[in-house]
Amino acid sequence: MKKTLIIENLHVRTVEGKEILKGVSLIFKQNETHAIMGPNGGGKSTLAQVIMGHPGFIITKGKILVDGKNITKLSPDKRAKLGIFLGFQYPVEVPGVNFANFLRLAVNENKTKDEKFSPIAFRNLIKEKAEKLVFSEDVTKRFLNEGFSGGEKKKAEILQMSLLKPSFAILDEPDSGLDVDALKYISKTIANLDFPVGLIVITHYQRILHYLRPDFVHVLINGKIIKSGDANLAKIIEKNGYEKIFNN
Amino acid sequence: MKKSSTINNSYTYGFHKPEKSSFKTPLGINEKIVKAISAYKNELLWMREFRLKALKIFRKKNMPSFGPDLSKLNFDKLCFYNSPSSGKFRKWSDVPKDILDTYNKIGVPEAEKKFLAGVEAQYDSEVVYSNLKNHWEKLGVIFTDMDTAVKKYPELVKEYLGTLVPLDDNKFSALNSAVWSGGSFIYVPKGVNVPIPLQAYFRINAKAVGQFERTIIIAEEGSFVHYIEGCSAPIYTNDSLHAAVVEVFVKKGARVRYTSIQNWSGSVYNLVTKRMQIEENGVGEWVDGNLGSKVNMKYPALILKGKGARGELLSLAYAGKNQYQDTGGKAIHLAPNTTSTLISKSVSRNGGRASYRGLVKIAKGARGSKSHVRCDALLLDDKSRSDTYPVNDVQEQDVTLGHEASVSKVGEQQLFYLMSRGLNEIQATSLIVNGFIEPIVKELPLEYAVELNRLINLSMEGAVG
Amino acid sequence: MSKGMKNIITKKNENLVLPIIWRGKEKEINYDIKLAGVNSSLILQMLLLGKNDDKVKIKINVDHQAIETKSKILVKGIVNDNASVDFNGLVKIEKGAKGADAWLSANLLLLSDSVKGRAVPALEILENDVKAGHATTIGKINETELFYLMSRGLSETKAIDLIVQGFLNGFLNYEK
């Protein structure tokens with residue numbers, strides 16, 4: 001049964017009063033890959049964070065629905081439990097919190113008593129998945145994002161996603177700051193996920209779209225979806241830039 | 001520490017003999033009372049005179065001119081000596097439910113609960129203790145309670161007692177010197193490395209968990225010992241004033257780590273004087289956990305007396321409702337090439353107040369000395385308070401002194417990040433708070449660390465929402 | 001600059017910039033600043049140049065009373081000969097002063113072996129929705145820096161001059 005994530009006429013402003021999204025409507029289905037592109041400042045990151053429930057934004061109109069359930073007023077953890085995952089653009093550091101312990105806690109939240117992972121079993125699981133992403137040091141011994149390079153922070157987000165197994169994964173600029181190899185490892189990991197997931201990739205570079213071919217491409221400029229299309233739209237943007245699309 | 005054992009009342013290990021009858025002094029303090037305490041303990045003249053001299057000084061000394069308000073302390077209404085068999089204990093049914101809940105949630109073994117809750121008089125880790133005792137006795141190590149030490153090793157005690165914390169140091173150390181009872185005496189001979197931590201808990205009994213403990217630790221040249229006192233689980237006490245004194249002597253090339261966690265439950269004023277003197281190339285470490293008490297004043301001091309001496313303080317303070325933690329530390333650099341590192345982490349919530357009070361003093365001649373202080377405070381809500389009063393006094397040019405402090409609340413971004421992974425606000429806050437204190441908790445023995453983390457998680461459930 | 005207490009109370013949206021230079025004359029410097037105006041801010045830059053037998057006792061109190069107030073206190077001192085500096089800074093953030101942002105940094109450079117420096121940067125925070133911090137350093141010229149400059153051919157005197165200049169530049173360029 002494929003899940004749906006619906007963004008319905010979303011109007012969003014910051015708590016300080018700045019209007020960012022001015023009526024965004026999108027439909028995402030599990031197993032589809034969507035790309036949201038657009039110039040900086042257009043509202044892409046805001047959209048990503050608002051779907052997750054970031055406290056710095058206020059929804060003035062519209063709603064967000066997961067399988068018909070209105071999640072617009074739910075706290076971030078409740079949305080996570082409904083299958084939403086956000087790969088942050090700038091993952092924050094949380095000092096002193098061990099990576100493995102934290103992730104095991106989060107993963108076990110959605111498991112019944114019998115299914116819960118023991119610390120050792122989980123550590124081995126992380127190591128197995130982390131190997132394919134190639135971290136500089138054993139990630140299980142480190143603190144959450146502390147001392148991680150930019151690229152490692154992005155890898156860590158993907159590692160978390162692969163273990164949390166969400167229904168929808170919103171990846172906010174997963175490819176920015178990555179070197180060629182890192183991009184390859186991340187893309188491979190996403191391609192080899194062993195669970196059905198709806199990918200929503202936010203990017204204004206198209207690098208990652210060469211690896212994760214999108215089914216749908218949307219262009220978000222000045223808080224509105226200007227155009228939607230298929231993978232070809234991304235190619236057109238790569239060639240001609242955003243201005244042409246906007247002026248069309 | 002947390003090995004379960006049967007509670008029994010036979011003191012078979014001989015280092016502490018039970019009093020013949022219960023003994024409790026009338027309220028207040030005067031010569032008569034101090035003499036009675038000394039007589040009850042069968043002390044020799046020298047100790048009795050030490051106590052009386054201290055009493056005179058206690059009377060003359062003023063209350064501290066800084067810190068929490070101590071005006072509610074009425075010395076005339078306090079009982080200064082109360083032996084364990086005086087029946088000051090309560091019925092199991094009178095133990096508050098939240099205390100029991102805490103014990104259950106942090107995993108205190110059945111056998112220990114009754115002792116900690118103030119229901120039973122004592123707890124002996126008999127089996128564990130006897131094995132370890134044989135081992136360290138073979139090494140020539142002395143580990144006994146202070147009352148016994150005064151009787152068995154008077155010359156040794158006389159040599160050190162009151163030399164680091166003299167009688168006239170402050171009002172509460174003078175008080176302690178007059179009415180002290182219980183505490184530990186540890187002597188480690190030259191070159192001896194005591195591989196397992198010596199814990200006050202091994203020989204704990206109500207007498208040792210006293211109001212006025214006096215502890216002396218002597219580590220001869222090149223030796224090493226780690227002493228642990230207290231525990232994270234809340235300990236019941238119906239005393240209102242605790243004033244302990246600790247003197248630690250770290251000789252040339254020796255190393256001493258003193259770990260202390262206090263979690264007095266109840267309305268306790270805990271006013272402690274702790275001082276460690278470190279000689280040439282010696283290393284001294286205080287790991288100080290302050291969780292309980294209504295008012296806690298404690299500033300473990302590192303006296304870096306010999307060249308190359310190193311001192312470290314890791315201090316943790318947790319101030320909840322109706323609590324005032326006034327803690328910190330002192331580093332006094334008296335010789336060249338000495339180093340001190342003071343790290344303090346405090347968490348305040350629910351109207352609690354945590355203050356860092358510190359002193360780094362570098363005397364003239366202490367060339368090449370380095371000192372670094374880092375104090376961070378986490379305020380969990382807008383009812384709570386955090387203060388920092390760091391004094392940095394430098395009288396020598398060739399030094400490096402640095403001090404950093406920060407006060408913050410739980411980061412919104414961090415909270416959002418953790419919640420976005422499915423953890424609710426309480427879980428996320430607990431993780432963040434435990435992460436905040438991690439640098440100090442990682443220096444605690446494992447069982448303490450686990451207990452402390454669980455304790456924090458438990459209290460977060462009350463802190464959020 | 002006068003001896004005695006200087007009292008300042010800010011108004012709404014007021015941005016106060018206070019540069020203070022001590023060249024050894026005054027024996028006391030006292031400032032009591034109340035950030036009472038919403039969204040008011042303070043930048044206090046203090047330069048201390050002490051030599052011979054100069055002595056000074058400094059007391060700076062900054063009290064954040066309203067919401068969205070900001071304070072930045074930057075103290076840089078060069079102490080030479082027999083001079084001594086006693087700096088006491090208290091930054092207080094009152095309950096309700098949400099959004100307050102307070103930072104204090106004090107750096108004392110000790111240039112001779114008979115100087116005395118004392119710094120007490122205190123904080124009293126009664127509101128949690130704030131940012132507050134401070135950093136203090138007291139010490140002589142960094143040996144590594146000295147060595148580095150001398151290894152490039154500069155004499156010790158020239159190298160010290162350069163380092164002291166750099167130390168002061170930090171003060172002069174602070175606002176940028």
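Predicted model: local features only at pLDDT ≥ 70, side-chain atom pairs only at ≥ 80, totals over all residues.
Which residue of β10(C) stands opposite B:Val407?

Let's start with chain C by itself. Its secondary structure amounts to ten strands and two helices. If you walk along the sequence, the order is β-β-β-β-β-β-β-β-β-β-α-α. The C-alpha trace spans about 55 × 35 × 25 Å along its principal axes. What about the radius of gyration? For chain C that is 18 Å, which agrees with the value near 16 Å that a compact globule of 176 residues would have. As for burial, 36% of the 176 residues in chain C count as buried. And if we take the contacts in chain C between residues at least 6 apart in sequence, 80% of them join residues at least 24 apart.

Now, on to the meeting with chain B. The contact draws 29 residues from chain C and 29 residues from chain B. On the chain C side, the elements giving two or more residues are β9 (116-125) and β10 (131-139). Of that side, β9(C) supplies the largest share, ten residues. By type, the residues of chain C that touch chain B divide into nine charged, eight polar and twelve nonpolar.

So where does β10(C) find its partner? Strand β21 of chain B, residues 399-408, is joined to β10(C) by eight bridges, and the two run antiparallel. That brings us back to my opening question: the residue of β10(C) standing opposite B:Val407 is C:Ala132.

Terms used:
Residues numbered from 1 in each chain as written. Chains lettered and ligands numbered in written order. Contact = placed C-beta atoms within 7 Å. Helix = DSSP H or I, 4+ residues; strand = E, 2+ residues; numbered from the N terminus. Nonpolar A, V, L, I, M, F, W, Y, C, P; charged D, E, K, R; others polar. Pairing = 2+ DSSP bridges. Rg over C-alpha atoms; globule rule 2.2 N^0.38 Å. Buried ≥ 20, exposed ≤ 12 C-beta atoms within 10 Å, placed from the backbone.
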